[in-house]
Amino acid sequence: MVAKQDTKAFGELVRRHQSQIRNFLRKLTRDNVLADDLSQDCFLHAWNKIHTYAGRGSFIGWLLKVAYTTFLQSKRKSNRYHEILEEIGHAEDINEERVSRDSDEINDLDKFLAVLSTEERAVMILSYACGLSHREIGDATDMPIGTIKSIIFRGKEKIRTKFEIKDHQYG
Amino acid sequence: MKSKIINMADRLKDKQAPGLEAMFRSDPLPDLGFSKKVMARVRRQVWIRRLTMPAALIIGGSIAIKPASDIVIAMTQVFDTLPPKLTDAAVDFSGLSVSSLPHSATILVSGVIALVALGLVRALED
């Protein structure tokens, strides 16, 4: 139904999966407004590429892959934007504005996520927040399973050493 | 189901998984008009796609009509300069008189209408 570009069926899928996609992107970007904008873009990309979903694997896994790709595209554009701002000397003003806006909403998870690289953050969120298997994460991020395992290990080590957490203290 | 089994195998060796999952867990987000916004954008895109082809055909047709009619007129002038014997032979062969042939402008307008109609049919199919 959806593969034939049925808007009603697709609307149902959006309603069903919006929470997971928005939560994933909120954790990944640590910016709720940006995350919701990216979520809209993600669903629009999903609508345009729905014919590429072959039915293998879970639909949410495929949707999270689209969301991660949308995030990476936006990040590339944003990096280019910051490069241009740096060239004209406005980058510091923008960064200060962003920190002051976000500082009110920082929680423990934000602190943990802040020590991780973008790649580590994405893999950790996909694993522990979205509940994807290592293989599904590999499909979503186009990385081999071995790399996923080592990224998760590295991410956990970073959190452990940075916040001096012992195994039993997680959570 | 398969995904859950693989997931379980992934988790068995991971003692910190329950703690990490609790830390990463978040409440489901209420929709609050999000799906409506997405579907409005999807429908807008669908309409833009439907209208793009016919609009392009109309604009392209309106731009091309002048040079195309000039070409047709020039061709009819070339046809008029041909020796009468040659044209009479051609008309005799087809069994038609020159006056019964459609005017060049009629052919052109019919062509444009046919193209627009084809474009509309394709857009509706999409």
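**Exercises on a predicted two-chain model**

**Exercise 1.** Describe how helix H1 (residues 7–29) of chain A and helix H6 (residues 118–129) of chain A pack in this predicted model, giving the distance and the crossing angle of their axes.

*Solution.* Two packed helices are described by the angle between their axes and the distance between the axes. Here the axes of H1(A) and H6(A) come within 9 Å and cross at roughly 145°, and the crossing is right-handed. Next, list the residues that make the contact: H1(A) contributes A:Phe24, A:Lys27 and A:Leu28, while H6(A) contributes A:Thr118, A:Arg121, A:Ala122, A:Ile125, A:Leu126 and A:Ala129.

**Exercise 2.** Work out how much area chain B and chain A bury between them, and which three residues of chain B supply more of its share than any other three.

*Solution.* Begin with the contacts, in which 30 residues of chain B meet 38 residues of chain A. The two chains bury about 3,200 Å² between them, with 60% of it on carbon and sulfur atoms. Of the area that chain B buries against chain A, 24% is supplied by B:Phe24, B:Leu29 and B:Phe34, more than by any other three residues.

**Exercise 3.** Identify the salt bridge between the chains, and then the helices on the side of chain B that touches chain A.

*Solution.* The count is 1 salt bridge, formed by B:Arg41 with A:Asp41, whose closest N and O atoms are 3.1 Å apart, inside the 4 Å cut-off. Turning to elements, those of chain B that give two or more residues to this side are helix H1 (2–12), helix H2 (17–24) and helix H3 (34–81). The largest share, 10 residues, comes from H3(B).

Methods:
Residues are numbered from 1 along each chain as its sequence is written. Chains are lettered from A and ligands numbered from 1 in the order in which they are written. This is a predicted model: local features need pLDDT of at least 70, side-chain atom pairs count only at pLDDT 80 or more; totals for chains, interfaces and linings use all residues. Side-chain values use heavy atoms; hydrogens and water are left out. Axes are lines fitted to C-alpha atoms, for helices over the stretch in contact, and angles run from 0 to 180 degrees between N-to-C directions. Helices (H or I, at least four residues) and strands (E, at least two) are DSSP runs, numbered from the N terminus. A crossing is left-handed if the near helix is turned anticlockwise from the far one by less than a right angle, and right-handed if clockwise. Contact means heavy atoms within 4.5 Å. Buried area is the accessible area (1.4 Å probe) that two parts lose on being put together, summed over both. A salt bridge is a side-chain nitrogen of Lys or Arg within 4 Å of a carboxyl oxygen of Asp or Glu.
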